[in-house]
Every structure is written in structure tokens, then in C-alpha cells.
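Take a look at the model first, and then follow along below.

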Amino acid sequence: MYNLLVLIKKYHATILFVLLELLCIIMIINSLPYQNRKMVSVSNRISGRWHRTLANWDDYLHLKSQNDILAEHNAMLMNQLENVSMTSDSLIINEMYTFVPAHVIKNTINETNNYILIDKGAADGIEPDMGVICDKGVVGKVVNVSTHFASVMSLLNSYSVVSCRFIDNQYIANVVWDHMNYQYGRVQDIPSHLIINKGDTLVTSGYSNMFPPDIMMGVIEEYDYDENEMFSKAKMKFSTNFSTLRHVYVVKNNYKAEIDSLCITH
Amino acid sequence: MYNTLIRNILRFVGLFLLQVLIINNIRLGNFIHPCVYVLYVMLLPFDTPKWSLMVNGFLIGFIVDIFNGTPGLNAAATVLMAFLRPNIIALTTRKSDIEGKTAPSVSEMGLQWFFPYMVLLLVIHNLALFMLEAFSFHLIGLVVLETLLSVIISSITIVLVIYIFKPIKNK
């Protein structure tokens, strides 16, 4: 113990230096978005391989339930295929968007800003700002890409805003996370004159070029109406279960460059 | 003793206000970001212990950071500068030079000694600052250019500040 104290006394300046610098760097990484993303990208590269191995093992344990989910999704797609020949809209969508299947190899749901790591990267044609969906609904958007991995900002993130549409009356609103529970989000900017019921369904609007239109987002759980406000809010239950996320699809918009060239906004 | 303390507190407040209210609002292109507040750490007395240098550096860096909206950035660079200050003093002086002197200021040590001392510390500070800002080794060329230009402008500004606020000799 005495020796330890002597050691601390001898090197107190160096120890204080290291502590202060650590404190500063933690503050920098936590508060500055650019440095934060850079750090996420570096840790992706290091931890991606490790997480992929772990996820491979973990996948075996869930093979059966995953098979069921995929079979269910398959059946749903078969049903949709039946209808495709009747509606010409869906055919255009199929040309406009292509989907890249990916595995979730790391996922958090308890942080303020949650990110998902997937095992497809720049080598598979993934780019930042692509949308990510799963069979149940919207998952998030790609923010960072390395050669073989990509990190996805999930809907459970304070920076995440997704444009959505009420399936009944076609009105547009925005979905953000409520920061409390991974199952619930908040719908903002709902025009006050709109009458909303519990159980109303929200889908993607397709205005962001990130997601195809009519991808399921969630169902209204609670509606707090305030007639003094221009816009009202509602609580929504995500259709995606973020805690059991395994298979996702990255959405490639084949006309993104062309559409972006028409937009003047930065 | 109290005289030194009060003078340093005034210097802290004065340099911090100068940096935040005036220097930070002068736009000299993308590559030049003059830092004047570091003068506070440079002018602390010779007998200031190392931990006190670093805590002082952290405090002034952090306050400047809060006003810049970049928590930790300036603080990290200033702590590094304060940590290396005794080494730089040892590098630029012989022991006999310091005897009888209280602080590494222009009035006591002369501009001829002070200028290289200041430039060395500024290089350390700015290099650390811009490296942390870039947060990657890919931009090292830009960082070096930024450091070079900023050090030149900072040195001129600091010398000007010293001569504008030159304290009256109490002899």
C-alpha cells in the first residue's frame, strides 16, 4: 500500500495528465457528431469480425424460430405476388428499388442512440443513407460503411426521423423514438384537425427516397389531442421488434442519383 | 503572493474574454484559427507545480470550449501543452538563467527568449487541437498546413497582446 502511494506521488503529474486527456477525449467523442461517427467506424472495423463470429454461433440456436419467420414472410410475399399482376404501381416499385439481404451481427436497444451492425458493406454496394427494413417493417438507415460491414442507425435513435403516412387518410407525419421503450415511437406533426383512432396504421410515405412507399411502420397506441396546438402527437407501437432482429434488407434506390439531382436542398 | 494570484485571475478572465468575444469572431479563412488564451498557461510562474499547470490549462481550455460548442477539444490540447511546458522551459533555458526570475514573461526574460518558447508551445497546442479536430491521420497534410498558418498568426497576435497590455514595472 505504501509503495503504491509512493508510486502515485512520484508519477502524480503523468497520472493526472492521462486522466484529464481521457476526460477530454470522452467529451469530444460524446459531443461532436463527426468525431463520434469516426469512432463508430473505427470500432466497426475492429469489432465487426468478432461480432460476426459470435452472431454465427448465435444463429444456430435460433435456426428453428428464424425458419418459421422466413417461411411466414415467404408466404406473405407469395400472396403479394398474386396481386402484383393486377396493380401496375407495384411493378414500378420493383424496378425502382432492389433489396440486399443482410444479417444483424450486433444490435443495441437500451442506449439513447442505438446502432445496428450488419454484415454487408461497401463491397456489396451498400452506401450511407440507404434505408433498412425487415419483414415486419422499417428498421433504420445506413450511416457508416466499411468494406464488409455497415452500421445502421435504428429508429431507436435520437437523430432518427422518418416520414410516414396514415394508411386511412393519406396524411403525412413524422416518426421519432420516445427514448423510453424499444417498442414505442412518437408520431409528430400530425395536423390537429385529423381524427385518429387507436389502431390506425402508419406506413412509410416514400418521400425520402430511402424507403419504398407502403412499408409498415407501426400502429397507433395512444392519441393525445390538444386543440390549442397546430400539430398533435401520438404514441405508436413499432411493427418491427428490435429486440429479436436478425434478417434485414438494405433498400437500394436505383434512381437515387437522378432524383437527388432534381432536389435543390442540401 | 496575493499580487500574483490576482494578476493571474485577471489574466485568465481577460484572455478568455479576448479569445471568445473577439478572436473567435475574426474569420481569416478556413485554415487560420488564432489561439490567444494559451498565453495564460505560458505566463504562469516558474514555480507552479505540474498538476496545477494542467488543471489551469484544462479550466481555460474547457471554458473556451463551452463557448465554442466543442467540449473537450481545446481542453485536451491545452492540457497537453501544460504537461510539456516544463520540458520546453528546460529545453530553451539553462538553470542559471531562471534563478531570481518569477515568471516566463517578456518583461523578465526578454522577447528573444520568449519568442521560441511561445512558438514551440503553440506548435504543440495547435497540432494537438487540429489533429483532434480532424480525428484521422488521412488529413495530416491539411493539419500541418493549418498548424503552420495558425501558429504564425497566433504568434503575431500574442506578441501584440503582450505589448498592448504590458504591465507597469513596479520599481
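**A valine, a helix pair and an interface**

Val144(B) sits in helix H8 of chain B, residues 140–164 (helices are DSSP runs of H or I with at least four residues, numbered from the N terminus). Its C-alpha atom is 9.7 Å from that of Val123(B), 21 residues apart along the chain.

A word on the basis: this is a predicted model, where local features need pLDDT of at least 70 and side-chain atom pairs pLDDT 80 or more, while totals for chains, interfaces and linings use all residues. Residues are numbered from 1 along each chain as written, and chains are lettered from A and ligands numbered from 1 in the order in which they are written.

Now for the interface. Here 14 residues of chain A are in contact with 16 residues of chain B (contact means C-beta atoms, placed from the backbone, within 7 Å). On the chain A side, helix H2 (12–31) and helix H3 (33–61) each supply at least two residues. The largest share, 11 residues, comes from H2(A).

Within chain B, the axes of helix H1 (residues 2–22) and helix H3 (residues 50–68) come within 10 Å and cross at roughly 30° (axes are lines fitted to C-alpha atoms over the stretch in contact, with angles from 0 to 180 degrees between N-to-C directions).

Definitions and conventions
Two residues are in contact if their C-beta atoms, placed from the backbone, lie within 7 Å.
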